[in-house]
Amino acid sequence: MKHRKACVKVFVCAVLLAAPAYAHKAHEHGAAHMNLSVEGEKAEIEMEIPFADLTAFEHAPETEAEKKAVLNAAAILHDAAKLFVFPAEAGCRPTKVSLESDIAGEELLAAPGTRGGAAKHGEEGKKERHDDHEKAEKHADLDAEWTFVCRNPEKLRRIEVALFKHFPSLQEIDVQMTTPGRQGAAELTPQSAVLQW
Ligand SMILES: [Zn+2]
């Protein structure tokens with residue numbers, strides 16, 4: 001009985017873990033989703049971005065050129081202070097960035113300067129080529145999280161989202177925000193890329 005119970009739990013976990021991957025299939029190119037939460041001195045931003053808007057393809061990177069495209073996109077996404085412009089007087093600085101994707105491993109998405117050695121890279125490459133066959137016709141996203149800590153959070157009343165400048169095929173970001181002065185939805189475009197509250 002004890003064993004059976006454990007199996008049921010494992011099954012439920014497997015289904016829960018698999019669910020986000022399926023949810024990612026239906027996405028619209030050019031449109032990203034963002035959650036902004038500002039509480040106390042902390043501002044947290046989560047985004048789900050179609051992989052195609054970062055690299056112009058959305059299969060596991062195979063060629064050197066494709067791997068380089070992922071490394072370049074990751075380097076931009078790790079440069080948090082360039083993607084999100086905070087009011088200078090709020091004194092906000094990025095403290096954490098994390099990037100994840102079903103089609104690109106840690107060795108491509110890690111912050112520049114922290115990536116693993118060449119041997120690991122080669123092994124991972126084989127795995128990616130295998131996955132590529134299965135995912136050739138599917139969509140893929142990149143999930144990103146940025147954390148900022150602000151010295152004067154009471155001065156934080158706006159954030160300019162500068163992703164559009166770095167990834168020009170991105171045309172729209174649907175935002176859910178929870179801040180001291182505003183809760184709810186907002187939509188950003190290249191022409192209107194500032195969140196205020
Ligand atoms: Zn897609």
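Six strands form an open sheet of mixed pairing in the order β4-β5-β2-β1-β7-β8, where strands are DSSP E runs of at least two residues and helices are H or I runs of at least four, both numbered from the N terminus. Two strands are taken to pair if DSSP finds at least two bridges between them. β4 and β8 (183–188) stand at the edges with a single partner strand each, so one side of each is left without a neighbour in the sheet. Neighbouring strands are turned by 15° against each other on average, direction ignored, the axes being lines fitted to C-alpha atoms. The model is predicted: local features need pLDDT of at least 70 and side-chain atom pairs count only at pLDDT 80 or more, whereas totals for chains, interfaces and linings use all residues. Residues are numbered from 1 along each chain as its sequence is written.

Within the sheet, β1 and β2 pair in the antiparallel sense over 7 bridges. Methionine 34 has methionine 47, in β2, as its bridge partner. The chain comprises 7 helices and 9 strands.

Leaving aside neighbours within four places in sequence, cysteine 92 is in contact (C-beta atoms, placed from the backbone, within 7 Å) with Ala43, Phe86, Phe148, Val149, Cys150 and Leu156.

Of the 197 residues of the chain, 27% count as buried, that is, with 20 or more other C-beta atoms within 10 Å of their own.

Conventions: Contact = placed C-beta atoms within 7 Å. Axes fitted to C-alpha atoms, helices over the stretch in contact; angles between N-to-C directions. Buried ≥ 20, exposed ≤ 12 C-beta atoms within 10 Å, placed from the backbone.
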